[in-house]
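Please examine the sequence and model shown below.

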Amino acid sequence: MSKKMSAFLHQRPLYSTSPESYDLSPRSRQDHQKSSSAAAFLSRGPALVILLLSLLIIAGVVFPYVQSPNSLIFFTSRSSDSKWRSYTLSEAAAYVAKNNSLIVCAVSEAYLSFLNNWLISIARQKHHDKVLVIAEDYATLFKVNERWPGHAVLVPPALEAAAAHKFGSQGFFNFTARRPQHLLQILELGYNVMYNDVDMVWLADPFPYLEGKHDVYFMDDMAYVKPLNHSHDLPPPGKKGRTYICSCLIYLRPTVGAKLLMNKWIEELKDQPWSRAKKANDQPAFNWALNKTAGQVDVYLLPQKAFPTGGLYFRNKTWARETEGMHVIIHNNYIIGFEKKTKRFRDYGLWLVDEYATESPLGRL
């Protein structure tokens, strides 16, 4: 036997020499070994206990979210949602703006399909990269930013998701009455901004039609036919003592005149609140603001042949045929209700989301 092995064997009794260690039954030996292992484990100090407790806590928090892939996605989206709640208009505008310009819409969850339809038409004109969606509820904010990060922002307070569905309702008034506040904020940040309702479709690029350096550009909401070379001045007031300009499409430069108009619009909305007797919306107040600031704001009426109201484009087939190829943006107004608007767009080949959803930055919703 080697000297090393001999030395090792002579050292073995140092572990235990008591007779009791040799009298244990096999089961007793096992119990003794278990308690010795536990004692050895605990003897390593409180650090191991703390580590175990930490692992248990982490498992308790994370386990509900990792039982399925969907749960994990939910866990991740919750973290993302928290980020978008604190996303500000200033941050969003700086991220989205191109050449100091933004295209803006205001949308609640009920209008997401119209938002997608509108986006497809803008993407075809290569201007979608500067679109900022002002979400009026958190469902819209999270949905848009999930598909298109950074392109939606919510300016508090959020509205109830179902509040702005019905034209003429108080919810609809509250929804549209926030429009001049949003636009004024963007102007104060120094950006040019084009506002669109999302029940519109772009057939061509509108920016070449923004001639000159005026403060404000807009379209008429009257359905009577104008001469093709009509004036670009503010039209004369109608029977109610005011003009009938559409608040659905507005282009503003960050000038003193444009800011004056937005502030006046906000004032007029406060003076004409919604009531059951007078179911107001934002458009009459916009026209009163235009009329009361006339001469102080440099305005430009866009050509009717390119920017027709829905009452003209959809109802006057003769005019639509005679001006075919001249249309730039079509507004699906003069009709109320999602189903009716959708059907009319489909009838005219303007409901794009059925076949071309992949052209939208949001994809198929």
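Q: Across which strands does helix H6 (residues 89-96) lie?
A: The model is predicted, so local features need pLDDT of at least 70 and side-chain atom pairs count only at pLDDT 80 or more, while totals for chains, interfaces and linings use all residues. Residues are numbered from 1 along each chain as its sequence is written, and side-chain values use heavy atoms, leaving out hydrogens and water. Helix H6 runs at about 160° to E2, where axes are lines fitted to C-alpha atoms (for helices over the stretch in contact, meaning heavy atoms within 4.5 Å) and angles run from 0 to 180 degrees between N-to-C directions. The strands that it lies across are E1, E2 and E3.

Q: At what angle to E3 does helix H8 (residues 138-147) run?
A: Helices (H or I, at least four residues) and strands (E, at least two) are DSSP runs, numbered from the N terminus. Helix H8 lies across E1, E2 and E3. Its angle to E3 is about 155°.

Q: What is the strand order of the open sheet of 7 strands?
A: Two strands pair if DSSP finds at least two bridges between them. The pairing in this sheet is mixed, and its edge strands, E3 (152-154) and E8 (299-301), each pair on one side only. The twist averages 30° from one strand to the next. The order is E3-E2-E1-E4-E7-E6-E8.

Q: Which residue is the bridge partner of Ile 103 in E2?
A: Strand E1 (residues 101-107) and strand E2 (residues 131-135) run parallel and are joined by 5 bridges. Within E2, the partner of Ile 103 is Val 131.

Q: Which residue stands opposite Tyr 251 of E7?
A: Strand E7 is joined to strand E4 (residues 192-196) by 4 bridges, and the two run antiparallel. E6 and E7 also pair in the antiparallel sense, over 5 bridges, with Val 216 partnered by Leu 252 in E7. The residue opposite Tyr 251 is Met 194.

Q: Why is the pair of Phe 207 and Tyr 251 edge-to-face?
A: Rings of Phe, Tyr and Trp (its six-membered ring) pair if their centres lie within 6.5 Å; planes under 30 degrees apart count as stacked, over 60 as edge-to-face and the rest as tilted. The ring centres of Phe 207 and Tyr 251 are 6.2 Å apart. The pair is edge-to-face because its planes stand at 85°.

Q: How many residues apart in sequence are the parts tied together by Tyr 217 and Tyr 251?
A: The ring centres of Tyr 217 and Tyr 251 are 5.6 Å apart with planes at 70°, so this pair is edge-to-face. Tyr 217 lies in strand E6 and Tyr 251 in strand E7, so the parts tied together are separated by 34 residues.

Q: Is Tyr 217 buried or exposed?
A: Buried means under 20% relative accessible area, exposed over 50%, and partly exposed in between (1.4 Å probe, protein chains only). Tyr 251, at 5% relative accessibility, counts as buried, and 8 of the 8 residues of E7 are buried. At 0% relative accessibility, Tyr 217 counts as buried.

Q: Over the face of which residue does Lys 130 lie?
A: A charge sits over a ring if NZ of Lys or CZ of Arg is within 6 Å of the ring centre and within 35 degrees of the ring normal. Lys 130 is at 5.2 Å from the ring centre of Phe 207. The residue asked for is therefore, by these cut-offs, Phe 207.
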